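Please keep the sequence and the model side by side while reading the paragraphs below. They take up strands, then helices, then a single side chain.

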Amino acid sequence: MSLHAAIRKRLPHFELNVELRCAPGKLTAIVGPSGAGKTTLVRLLAGLERPDQGFIRLGETTWVDTGRRVFVSPRKRGLGLVFQDYCLFPHLSVRRNVAFAAEDDHRVDELLRLFGIRHLQDRKPSAISGGERQRAAFCQALARNPSLLLLDEPFSALDAATRETLRRELKELKTSLDIPVIHVTHDLTEARFLGDAIMPVVNGCITPDWLERQYAPCLGETSGSPA
Amino acid sequence: MDWSPLLLSAKLALLTTVLIPVAAAPLAYVLAFFRFPGKSLLDAFVTLPMVLPPTVLGFGLLVCFGPNAFLGGVWEDFFGQRLVFSFSAVVLASLIFNLPFAVQPMRASFEKLDSRLLESAAILGLSRTAAFFRVVLPNCLGGLAAASILVFAHSLGEFGVILMVGGSIPGETKVASIAIFEAVEALRYDDAFRMSALLVPVSFAVLLIINRINQRNA
């Protein structure tokens, strides 16, 4: 099921005004500087905030339509969200975190094995590394077989080596998931590596020029003279 | 010396401590996380027993618990006993009087919880009630413990409200604070001293425990 959303929301310093589409098995990377409205966009898609105007549709299902006063709560959207700093339940073991909303134990075992953290299943989140926590957070988000996966800068709190490993794992995973994946990042390299489409957001608006401006200095340095 | 007032105080404090989370924890949860019209009214109403003179609250409860009042009448119809001047009335009054002393620390503890844990629970499909039991309570046990211990200590020393709704019936409503007051009035200072000497270290120990819990949760 494809995601199609067109949302407007008044924020303190600007208006977020974005339209995005993402097909199953594809990853749309939303890039932009800090404070551009990227995280608000994820929160709107998740249902944690309400837009002033617009709609969000996943396939035939309408989650939000301000014109028809439709708003489906996050509980009923059946999506997965991975936060920047994991946000695992600190009182539960890794396994119980993953199983928190899972429908069956086989799925939990499968995910723990897939992400290579089965041996850590009895530990609390505080007793594992940042990379392992983020793997656990991915398992938790995927345990309900979500219809949409939202990633809010999931690798930004990790060291370079772990970040690189997880990026590669996510790239392999995204096609097999067969759901739309929205990945928010401020890292252009990450967006280019993972994204099937890149959507630059600056001050709440899609700004393709920003992407070109970011690349321009690099192009200048590497090209030297015109080819 | 008659030790029954001390035992009655201990029984009252234990019952209040065990029962109060049932009312206080959901109220604290609602006040901490929900937005609704009239929230500040509810907040003020819950906090009222903290600022009212105990005799005023006691008088109000005495009227409500009377056989001609709605609450007292329903109680009598249901249990076949008069509510006012009974141990049940004392427990009910103690619960109402202690409500803000439990709600405030619980609410503070809930508000310290990372709100994204609740967002995460919602995204994982949990209702707000389920999130309360599966996320909020297990992560705020320190705050709940501090609130319960504070209520225990507070219940041990209750006087005005208890006297108004319970009177001073030996073995039924005559708790330690009332017995101490009566001993002083009757110039039985030895009895008053012995009972006070027991209450002071208990209250002191309770405060020490609360401080330890608060330090651990800080």
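In chain A, strand 4 (residues 53-58) and strand 5 run antiparallel and are joined by four bridges; strands here are DSSP runs of E with at least two residues, helices are DSSP runs of H or I with at least four residues, both are numbered from the N terminus, and two strands pair if DSSP finds at least two bridges between them. This is a predicted model, in which local features need pLDDT of at least 70 and side-chain atom pairs count only at pLDDT 80 or more, whereas totals for chains, interfaces and linings use all residues. Residues are numbered from 1 along each chain as its sequence is written, chains are lettered from A and ligands numbered from 1 in the order in which they are written, and side-chain values use heavy atoms, with hydrogens and water left out.

Within this pairing, A:R57 has A:T62 of strand 5 as its bridge partner, and the two strands form a hairpin with two residues between them, where A:G59 in the turn has a positive phi of about 60 degrees. On to the next strand: strand 5 of chain A also pairs with strand 6 (residues 70-71) of chain A, in the antiparallel sense and over two bridges, with A:V64 bridged to A:F71. These two strands form a hairpin with four residues between them, and A:R69 in that turn has a positive phi of about 55 degrees. Because four of the five residues of strand 5 (residues 61-65) of chain A are buried, the strand is largely enclosed by the rest of the structure; buried means under 20% relative accessible area, exposed over 50%, and partly exposed in between, with a 1.4 Å probe and protein chains only.

Helix 1 (residues 38-46) of chain A is likewise largely enclosed by the rest of the structure, because eight of its nine residues are buried, among them A:L41, A:L44 and A:L45. The helix is followed by A:G47, whose phi is positive, near 90 degrees.

In chain B, helix 1 (residues 4-33) and helix 7 (residues 128-139) pack at an angle of about 100 degrees with their axes 12 Å apart, and are therefore roughly perpendicular to each other (65 to 115 degrees; under 35 counts as roughly parallel, over 145 as roughly antiparallel, and the rest as oblique).

Finally, B:S196 lies in helix 11 (residues 189-217) of chain B and, at 27% relative accessibility, counts as partly exposed. The C-alpha atoms of B:S196 and B:L6 are separated by 9.9 Å, although these residues are 190 apart along the chain.

Methods. Axes are lines fitted to C-alpha atoms, for helices over the stretch in contact, and angles run from 0 to 180 degrees between N-to-C directions.
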